[in-house]
Amino acid sequence: HISLMSPNGQGEILNGDRDLSWRYPIDVEMEDYCLTIVELNSNAVFRQSFTPGDYVDVNESKSIPVSFIFESGEVYKWRIDTGARYINGLETAASESHWATFLYIYE
């Protein structure tokens, strides 16, 4: 169960490092995470799978590449999938977090 996702709130601004962070307080090593970011109207805008940065600590984070362009002043939803199982390159099972939100402001 993913908890304490940050930023989380339509007025919460994504920090300058473009880091999303969360806590996964279950003592299970994750195969991978999958970060999904969508616009409020549910158009998918970013999806990336990656391995955990720390298998011991319950705190995880992912920096969104600067090559990915957000619209300034827009609110986005994001979630994390954990421990996905893939068959022939397709995701077949995963545990999904609840949706969190953030506001992007270009500085």
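View 1. Strand β3 (residues 33-39) is mostly covered, with 6 of its 7 residues buried; buried here means under 20% relative accessible area, with a 1.4 Å probe and protein chains only. This is a predicted model, in which local features need pLDDT of at least 70, side-chain atom pairs count only at pLDDT 80 or more, and totals for chains, interfaces and linings use all residues. Residues are numbered from 1 along each chain as its sequence is written, and side-chain values use heavy atoms, with hydrogens and water left out. Strands are DSSP runs (E, at least two residues), numbered from the N terminus, and two of them pair if DSSP finds at least two bridges between them. Strands β3 and β4 (residues 44-50) run antiparallel and are joined by 6 bridges. Look for T36, which stands opposite R47 in β4. The hairpin has 4 residues between the strands, and S42 takes a positive phi near 75° there.

**View 2. The open sheet β1-β2-β5.** Here 3 strands form an open sheet in the order β1-β2-β5, with antiparallel pairing. Its edge strands, β1 (3-6) and β5 (59-63), each pair on one side only. On average, neighbouring strands of this sheet are turned by 10° against each other, direction ignored; the axes are lines fitted to C-alpha atoms, and angles run from 0 to 180 degrees between N-to-C directions. Between β2 (residues 19-23) and β5 there are 5 bridges, in the antiparallel sense.

**View 3. A cluster of aromatic rings.** Ring pairs link F46, F68, F70, Y76, F102 and Y104 into a cluster. Rings of Phe, Tyr and Trp (its six-membered ring) pair if their centres lie within 6.5 Å; planes under 30 degrees apart count as stacked, over 60 as edge-to-face and the rest as tilted. The structure holds 10 aromatic pairs.

**View 4. Two lysines over rings.** The charged end of K62 sits over the ring of F50, 4.7 Å from its centre. K77 lies over the face of W99, at 5.1 Å from the ring centre. A charge sits over a ring if NZ of Lys or CZ of Arg is within 6 Å of the ring centre and within 35 degrees of the ring normal.

**View 5. The protein as a whole.** Stepping back, the protein has 0 helices and 8 strands. Buried residues make up 37% of its 107 residues.

Technical notes. Buried means under 20% relative accessible area, exposed over 50%, partly exposed in between (1.4 Å probe, protein chains only).
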